[in-house]
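Me: Please walk me through this model, helix by helix and contact by contact. Keep it short.

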Amino acid sequence: MNFKTKLIPTVNIWPNDGQISGIPKNPRFIRDERFEALVKSIIDDPEMLQLRELLVVPYAEAYVSIAGNMRLKAIVHVKGLPDADFMAIVEQKQENENFNEWLKAITDFRTDKTVLCKIIPIETPIEKIKAYIIKDNIAFGQDDFDLLANEWDEQELADWGMILPDLTPIEDDEEPIDKVSKVRLTIEFDELAEYDTVRIEIEDLLTRYPGAKLK
């Protein structure tokens, strides 16, 4: 199958809202704090977008994004930042190394109203496109959190948008449960691939219980 790579204006790319018959709406969503982290990631390293294209399908003289919808949303946000907000970011980064290189990269990024896309041929079977959507959202591997904790900088990982579990050992309570003022619920994973998704869902659930905290 012949896939073409092309710079496409963002105004010509629609998020997948189920407008193509037979292709369900994109199943992935992003919460405010994760969206902010994605925006920061693009601002910090705009050139990285050249390494990973959006996957789009031709539709109604435009295109529908079937993979990279969250990135597309963040890209449009960064490109459309008000000048005052952008200049505030520039001021914050003036003391950073390679500031001039970064400034040129982010300025070029904001000036260029296109985004790099991989175009899936219009004749591609619907079932094949649906498989691309789901497979793009699956994390087949898993992170070695012990290695991350010991050999990577935790603040840098947080700045890059990674959510880490709390690896602090928990000591067993020696007091009987009826004498302890707090009760702890521990969830164990055989696989960590779904850790991020489950954590977000739990955080949403805990908004109903003001006294509960996720650690």
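Reply: Thr10 lies in the loop between strand E1 (4-9) and strand E2 (13-15). Helices (H or I, at least four residues) and strands (E, at least two) are DSSP runs, numbered from the N terminus. This is a predicted model: local features need pLDDT of at least 70, side-chain atom pairs count only at pLDDT 80 or more, and totals for chains, interfaces and linings use all residues. Residues are numbered from 1 along each chain as its sequence is written, and side-chain values use heavy atoms, with hydrogens and water left out.

Me: Is Thr10 buried or exposed?

Reply: Buried means under 20% relative accessible area, exposed over 50%, partly exposed in between (1.4 Å probe, protein chains only). Thr10 has 14% relative accessibility, so it counts as buried.

Me: Which residues does Thr114 touch?

Reply: Thr114 sits in strand E5 (residues 114-119). Contact means heavy atoms within 4.5 Å. Leaving out residues up to four places away in sequence, Thr114 touches Leu7, Ile8, Pro9, Thr10 and Lys79.

Me: Which side chain does that of Thr114 join in a polar contact of 2.7 Å?

Reply: A polar contact is a pair of N or O atoms within 3.5 Å; within protein, one must be able to donate a hydrogen and the other to accept it, and residues adjacent in sequence count only if both atoms are side-chain atoms. For Thr114, the partner at 2.7 Å is the side chain of Asp112.

Me: Which residues of H4 are buried, and where do they fall around its axis?

Reply: The buried residues of H4 (residues 99-111) are Phe99, Trp102, Ile106, Phe109 and Arg110. Seen down the axis, they fall within an arc of 100 degrees (taken from the directions from the helix axis to the C-beta atoms), so they line one face of the helix.

Me: What do the buried residues of H4 pack against?

Reply: On the other side of H4, Asn100, Glu101, Lys104 and Thr111 are exposed. The buried residues pack against helix H1 (32-44), helix H2 (69-79) and helix H3 (83-92).

Me: Why is H2 largely enclosed by the rest of the structure?

Reply: The buried residues of H2 include Met70, Leu72 and Ile75. They pack against E2, H1, strand E3 (54-59), strand E4 (62-67), H4 and E5. H2 is largely enclosed because eight of its eleven residues are buried.

Methods. Expected span 1.5 Å × (residues − 1).
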